[in-house]
Amino acid sequence: MKNDKRQAKWILLLAAVMTLLVAGGWAFFTKFEGTAPVVRIDPPFSAVGTERAFVVEAEDAGSGLRSLNVSLVQGEKTVVLLGRRFDAAEGKGQVRETLRLAVGDHGLTEGAAMLRVESRDRSWRHWGKGNPARIEQTVRIDTRAPVLQVLSEPLNINQGGCGLVIFRSSEPCPVSGVTVGDTFYPAQSGLYEDPLILASFVALAYNQGKGTPVAVSAEDEAGNQTRIGLNHFIRPKQWRQDTLQISDGFLATVLPALTGQIGDVAGLPPVEQFLKINRDLRKANYERLVEVTRTSDNQLHWHDGFVRLPAAANRAMFADQRVYRYQGQEIDHQVHMGVDLASLAASPVPAGNRGRVVFAENLGIYGLTVVLDHGFGLFSMYSHLSQIDVQAGEMVERGALLGRTGTTGLAGGDHLHYGMMVGATFINPIEWWDDHWIKDNVTDKIAGVGAPQKTGD
Ligand SMILES: [Zn+2]
């Protein structure tokens with residue numbers, strides 16, 4: 001009996017200890033959880049102009065959020081942008097606060113300041129204050145817009161032609177460039193030793209005539225913008241009219257290779273299939289070129305005049321206004337955005353100039369196509385090839401073999417469709433076959449700035 005009593009006592013004691021251990025473990029792992037909240041600034045930034053909106057996100061997967069504080073400290077001054085405490089329910093899940101910092105309202109001055117984000121969770125750790133999370137980052141207060149100085153001579157530009165604009169910004173700017181009409185041509189440094197000197201080739205599209213505005217602009221890290229009109233002179237051009245007779249024989253030759261790229265059109269008459277290719281596939285192929293030409297090297301890869309396909313006759317010119325006729329009816333209208341050069345079948349195609357291959361594959365109506373990046377937004381394009389002898393990524397020298405002429409894509413006979421682009425705008429290649437034009441509009445302009453040029457490449 002005595003023994004049984006003692007045993008019962010021990011069992012009770014053991015049960016109490018076990019309960020305490022379980023409760024302690026539960027408290028340790030939940031109430032005393034040791035994972036700090038996650039805080040984030042979106043978008044991240046390192047400079048503030050006159051005003052900036054941003055979002056602060058905080059989340060605590062363990063015990064939930066207890067507090068979130070955001071402040072900006074400059075010298076002795078502390079500007080509280082947010083001070084929030086959360087109850088148990090509010091602290092669960094993600095908290096997003098949109099904050100607006102207006103530099104003028106708080107008497108902040110130009111220069112460095114410290115942005116501080118602090119959050120604590122509801123853990124019992126740290127003597128009951130919770131696990132801390134903190135972001136501290138330096139932000140520069142800069143309310144001054146960049147000052148832009150145009151260094152190149154006034155822009156004389158042909159309709160459908162190209163020009164070069166060189167300017168200097170008083171400070172580094174993540175976005176800068178030249179806007180022609182509605183088209184933006186990003187500028188890059190790298191042409192001169194001074195990294196604040198920026199350059200960009202610009203284009204006047206075939207359909208942008210006299211009166212097209214041209215402006216130089218830049219936006220600094222803090223979001224301050226400057227935009228100034230650019231002195232320019234536009235020489236208008238007339239484009240040729242051209243009629244293309246579409247025959248059943250032509251359709252029978254070109255359609256089989258192209259219909260697979262425009263969805264299910266098997267039930268449509270051949271001329272309808274052709275129209276889908278000439279309109280929709282042409283548009284889709286152009287969108288691909290927009291992607292290909294979105295970035296350009298900040299080096300002038302090329303030198304001297306561009307090489308034209310040797311011993312070749314011009315078959316079609318840049319910006320020819322093409323009317324398509326079928327069985328006596330006018331069925332379509334398109335603009336020819338390059339020069340067609342015809343020589344012997346399967347003629348070797350030389351690179352117009354030194355450049356980097358950025359595209360070497362099939363491109364719908366253009367057939368087998370190579371695109372070269374010559375730097376600062378200038379590209380050349382070689383289409384309807386029967387064979388490609390280069391690969392994307394490689395550098396090719398002026399005159400190097402890119403492939404051979406052919407009839408791939410929407411081509412009636414063996415020829416090279418030679419195109420040139422500034423960004424995604426097609427330009428007239430004849431300027432780049434003309435040494436005088438290049439000297440007056442590009443090389444003399446670069447030298448005329450008088451700043452030391454970057455060497456290399
Ligand atoms: Zn062509």
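Two strands pair if DSSP finds at least two bridges between them. Helices (H or I, at least four residues) and strands (E, at least two) are DSSP runs, numbered from the N terminus. The model is predicted: local features need pLDDT of at least 70, side-chain atom pairs count only at pLDDT 80 or more, and totals for chains, interfaces and linings use all residues. Residues are numbered from 1 along each chain as its sequence is written, and side-chain values use heavy atoms, without hydrogens and water.

**An open sheet**

Leu 148 stands opposite Ser 169 in E11. Strand E11 covers residues 162-169 and runs antiparallel to E9, joined to E9 by 3 bridges. The open sheet has 3 strands in the order E9-E11-E14, with antiparallel pairing. Strands E9 (148-150) and E14 (197-203) stand at the edges with a single partner strand each, so one side of each lacks a neighbour in the sheet. From one strand to the next, the twist averages 30°.

Helix H5 (residues 435-448) packs on this sheet and touches E11 and E14. Contact means heavy atoms within 4.5 Å. The direction of H5 makes about 10° with that of E11. Axes are lines fitted to C-alpha atoms, for helices over the stretch in contact, and angles run from 0 to 180 degrees between N-to-C directions.

**Aromatic pairs**

A pair of aromatic rings is described by the distance of the centres and the angle of the planes. Rings of Phe, Tyr and Trp (its six-membered ring) pair if their centres lie within 6.5 Å; planes under 30 degrees apart are stacked, over 60 edge-to-face, the rest tilted. The structure holds 13 such pairs. Two of them are tabulated here.

| Pair | Centres | Planes | Class |
|---|---|---|---|
| Phe 32 and Trp 124 | 5.7 Å | 85° | edge-to-face |
| Trp 302 and Phe 306 | 6.0 Å | 50° | tilted |

Phe 32 lies in the loop between helix H1 (2-31) and strand E1 (38-42). Trp 124 lies in the loop between strand E7 (111-121) and helix H2 (125-128). The pair therefore ties together parts that are 92 residues apart in sequence.

Buried means under 20% relative accessible area, exposed over 50%, partly exposed in between (1.4 Å probe, protein chains only). Phe 32 is partly exposed at 31%, and Trp 124 is partly exposed at 44%. Trp 302 is buried at 7%, and Phe 306 is buried at 5%.

Ring pairs link Trp 302 and Phe 306 with Phe 201, Trp 432 and Trp 437 into a cluster.

**A charge over a ring**

The charged end of Arg 308 sits over the ring of Trp 433, 5.6 Å from its centre. The criterion is NZ of Lys or CZ of Arg within 6 Å of the ring centre and within 35 degrees of the ring normal.
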